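Welcome, and thanks for taking a look at this one with me. Here are some notes to read beside the structure.

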Amino acid sequence: MGRLPTTARGRATRARILDSAAELIQRRGVAAVTLDDVERAAGVGRSQLYHYFDDRDDLIRSVVHSTVDTVLAAQEPLLLKVDSPAGIDRWFDAIVANGTRQDAVGGCAIGSLAAQLSGQDDLAREAFVDAFARWEAPVIAGLRRMQEAGELRPEVDVTELADLTMAAIQGGLLLAQVRRSPDQLRLALRGARAALEDALTEAS
């Protein structure tokens with residue numbers, strides 16, 4: 001997946017190429033973005049681009065990994081605390097707030113890329129499998145801590161509950177994007193929250 005530079009200048013150039021490619025892809029879609037477009041946006045030549053990336057496919061896969069890192073880094077402080085209903089509510093509130101700031105038109109950066117690439121490129125699809133696993137892992141861990149503390153019923157499958165939550169997030173973001181309304185995301189997350197309520201023990 002590309003070549004990682006060893007100098008600060010090289011890292012800055014590679015990051016600028018990735019950022020430019022990601023912005024173009026978000027605005028135009030993967031199919032409409034060429035290497036010429038990326039070079040102009042990043043202010044680099046073809047030799048520089050090929051110094052860091054093997055070809056267009058390698059650049060696109062690198063954008064996938066970079067996008068995943070950005071999304072997860074932004075959510076990490078909240079994801080580490082999804083081991084209580086209050087912690088999950090704070091995470092959900094942040095997701096809705098982010099969608100509202102984007103006027104509910106941006107959708108999910110990871111989901112948007114997955115829709116365009118996962119059926120065309122096995123390496124990209126594997127990157128998305130890894131992306132969603134990384135996103136879901138702290139949710140599963142938090143739910144498991146709740147179960148070990150006696151807050152979730154012992155028969156609840158925490159992986160299935162996390163899967164349902166991720167599906168609600170992705171579906172809600174997609175509907176919010178299509179309908180231009182964050183209310184669609186709030187509704188989807190309300191369903192995920194109801195499933196969590198059903199899984200709680202009476203003592204909780």
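1. From the N terminus on, the elements of the chain run α-α-α-α-α-α-α-α-α. That makes nine helices and zero strands. Helices (H or I, at least four residues) and strands (E, at least two) are DSSP runs, numbered from the N terminus.

2. A word on the source: this is a predicted model, in which local features need pLDDT of at least 70 and side-chain atom pairs count only at pLDDT 80 or more, while totals for chains, interfaces and linings use all residues. Residues are numbered from 1 along each chain as its sequence is written, and side-chain values use heavy atoms, with hydrogens and water left out.

3. Now for the overall picture. Taken along the principal axes, the box filled by the C-alpha atoms is roughly 65 × 35 × 30 Å. Of the 204 residues in the chain, 43% are buried; buried means under 20% relative accessible area, exposed over 50%, and partly exposed in between (1.4 Å probe, protein chains only). The chain exposes about 10900 Å², and carbon and sulfur atoms supply 52% of that area (Shrake-Rupley method with a 1.4 Å probe; for residues, only the protein chains shown count as cover).

4. Contacts are worth a glance too. Contact means heavy atoms within 4.5 Å. Among contacts between residues at least 6 apart in sequence, 67% join residues at least 24 apart.

5. How many aromatic pairs are there? Rings of Phe, Tyr and Trp (its six-membered ring) pair if their centres lie within 6.5 Å; planes under 30 degrees apart count as stacked, over 60 as edge-to-face and the rest as tilted. By this rule there are two aromatic pairs. In one of them, the ring centres of W91 and F92 are 5.5 Å apart with the planes at 35°, so this pair is tilted. W91 is buried at 1% relative accessibility, and F92 is buried at 6%.

6. The rings of F132 and W135 have centres 6.1 Å apart and planes at 10°, so they form a stacked pair. Both residues lie in helix 7 (residues 122-148), three residues apart, about one turn of the helix. W135 is buried, with a relative accessible area of 2%, whereas F132 is partly exposed at 24%.

7. Finally, please find Q170, which sits in helix 8 (residues 158-179). Is Q170 buried or exposed? With a relative accessible area of 19%, Q170 counts as buried. Leaving aside neighbours within four places in sequence, Q170 is in contact with C108, G111, F132 and W135.
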